[in-house]
Amino acid sequence: MAEQMKPGSGPLDYGNRLWLKVLFGVIFFMLYVPIITLVAFSFNTDRRGIVWRGFTFDNYVKAWNNSSLIEAMINSLMIAFIATLIATVLGAMVALMLWRFRFPFKGAYEAFMGLPIVIPEICMGVALLLFFNETGMMTAVVAMPWPLNLSNIIIAHVAFCFPFVAIVVRSRLVGFNRQLEEASKDLGASEWQTFWKVIVPFMMPGLVAGALLAFTLSLDDFVITFFTSGPETVTFPVKVYSLVRRGVSPEINAASTVLIVITVVATVLAMKLQAPQKSGKG
Amino acid sequence: MTDPIVSIRGVSKKFPGGVIAVDDVNIDIAPNEFFALLGPSGCGKTTLLRMISGLETPTDGQIIIGGQDMALTPPNKRPTNMVFQSYAVFPHMTVEDNVAYGLRVTGVPEDETKRRTAEALEMVKLSHLAKRKPDQMSGGQRQRVALARALVKRPKVLLLDEPLSALDAKLRDDMRMELTRLQETVGITFIIVTHDQDEALSMASRIAVIDKGAVQQIATPSELYEQPATRFVADFIGKVNLIDAKVLSKKAKAITCEAKGLGKLTFDTEKACGDTVAVAVRPEKLKISKAEPKAAGLIKVQGNVRDVAYYGDTSHIVVSIKGGPDLQVNVQNDSRTGGSGVERGQAIWVSWMPDDSLVLTE
């Protein structure tokens, strides 16, 4: 380097620049103030929810007693649970296949698999709606008893969740020491034993992280769900949307806060499990 | 030789793309031997070991273990166990579970598993760490886990892939002795792969030197050192002075040749040879003297000291001779004064007994 830079003057030493600190603060403010407001007003006593009048837990009680809101919440959790289960298994299998095997058009396959991540949700929603309508699944499924009447939504959620699982699990597998697998076989284990006792435990942090990611994605999806749900099957985000059209009530704030907490907890767990840790290599 | 426990017959391994990793190797290994596969990196020794374990399949030839052809036996059914270079200790299991793994997956009853695991841990002196996870252990300890895990299976043959290469010098010496001791106590055939000649010489009862996928020589450590079959072996095992020579005449039991810088020499040998040979002599077999040595029959040459390296117990002196290669002479510094007693630039005589040198024909 021709010129020695002063400490703190490099492009990445942002901590020492006032304007960068201010920018940082402004961005944080813009991002989180709406959410903080939402959470704060969930404890408001004012019925219209505009002016702060006092602290209360009543809104949570009201939300809890609002049967249609609870039903939507249960639907959402049910969908998220089943979709996560299927997406995790499917995603893990895709990750294993891409990690382990070479086959023709592997690159193309990989790109296509990632498509649901980049494709605009609205397109995917419309496409799925058309698909379900054309195949007659829309009318058939809606008539089924709960929770089978959620099948369409579950299928749609699996479709956009599993690529996330596949990507997370695959990046975990990259760090796998193949000698562990060889050691297992050398010690007398069959292929299946090796898979369940060595490879799956190694994948586990990736599986859990991927599953939590899929869970949060499914839980708060609005666009795709909106298109694929029938009139009888309402999920929480869709329900909130329909309520908001008639004005924001503090109950919605309360219910949304619960959803935020679930999502944040799941995301934090996912990030913790994804973080590189010592249990990596053999 | 008693019936070999491992018999490698005409084994070759060609990788797709035409690389020949192992080329027509024939080795018989006796029960209870501590056998070393020695060679530079990339010579195919690890591939050979992996073929014995079943992790690679030979493209040609037969591997017979305990009298049975292993061609159709997968690695999990072979009476061999391997200690991997990276140790490959399962990171999500405790030490105990790692060692018990091989017994549990093959359905050994739990009480026997417990007993044998405890014994194996005792043997490698890790009983006190049984409940630890591998990431809380040092490299040396992890290697012991890998050893215990393989030995607990009571294999007919234990395969060790560069077991000492990842350890620091002090630990390596300890582990070397430990391995020798273990091999004597458990009475299992050990096959070790190494690129380190010291390791092979000090531990193994017999060594196969491998170069470019082919066996150069199979012999005991002292035979390899004193009677190397080829230039490669002589050069790879220890330090050697190699002097090229042109064959002048060849009789049934002797060769007369013109060695570079040494003049006409005659050696007793029954080996067949071409037009050129090499005279090999170890640096510690050479003697130096200021005056011309008088004893009869010595091979002697005068030269200049080019370099003196002092190593405490020995000094390594490099002598340049006219028309020939530089010769290295190792002398014992057996008096406390003066070291080797020679200085750079000094004229000096180098001599040795003809029996201490060897004619290498290939």
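How many residues does the contact take from chain A and from chain B? In this predicted model, the contact takes 20 residues from chain A and 21 residues from chain B. On the side of chain A that touches chain B, at least two residues are supplied by each of α9 (178–186) and α10 (191–219) of chain A. The most is given by α9(A), with 6 residues. By residue class, the side of chain A that touches chain B comprises 7 nonpolar, 8 polar and 5 charged residues.

The predictor assigns the complex an ipTM of 0.82 and a pTM of 0.79. For chain B, the average pLDDT is 89, and 99% of the residues score at least 70. Where pLDDT is low, predicted coordinates should not be read in detail.

Within chain B, strand β16 (residues 299–310) pairs with two strands, β19 and β17. Strand β19 (residues 347–352) of chain B runs antiparallel to β16(B), and the two are joined by 6 bridges. In this pairing, I299(B) has W352(B) of β19(B) as its bridge partner. With strand β17 (residues 314–321) of chain B, β16(B) pairs over 7 bridges, again in the antiparallel sense. Here D307(B) is placed opposite V318(B) of β17(B). The strands β16(B) and β17(B) form a hairpin with 3 residues between them. In this hairpin, G312(B) adopts a positive phi near 85°.

Notes:
Residues numbered from 1 in each chain as written. Chains lettered and ligands numbered in written order. Predicted model: local features only at pLDDT ≥ 70, side-chain atom pairs only at ≥ 80, totals over all residues. Contact = placed C-beta atoms within 7 Å. Helix = DSSP H or I, 4+ residues; strand = E, 2+ residues; numbered from the N terminus. Nonpolar A, V, L, I, M, F, W, Y, C, P; charged D, E, K, R; others polar. pLDDT = per-residue confidence, 0-100. Pairing = 2+ DSSP bridges.
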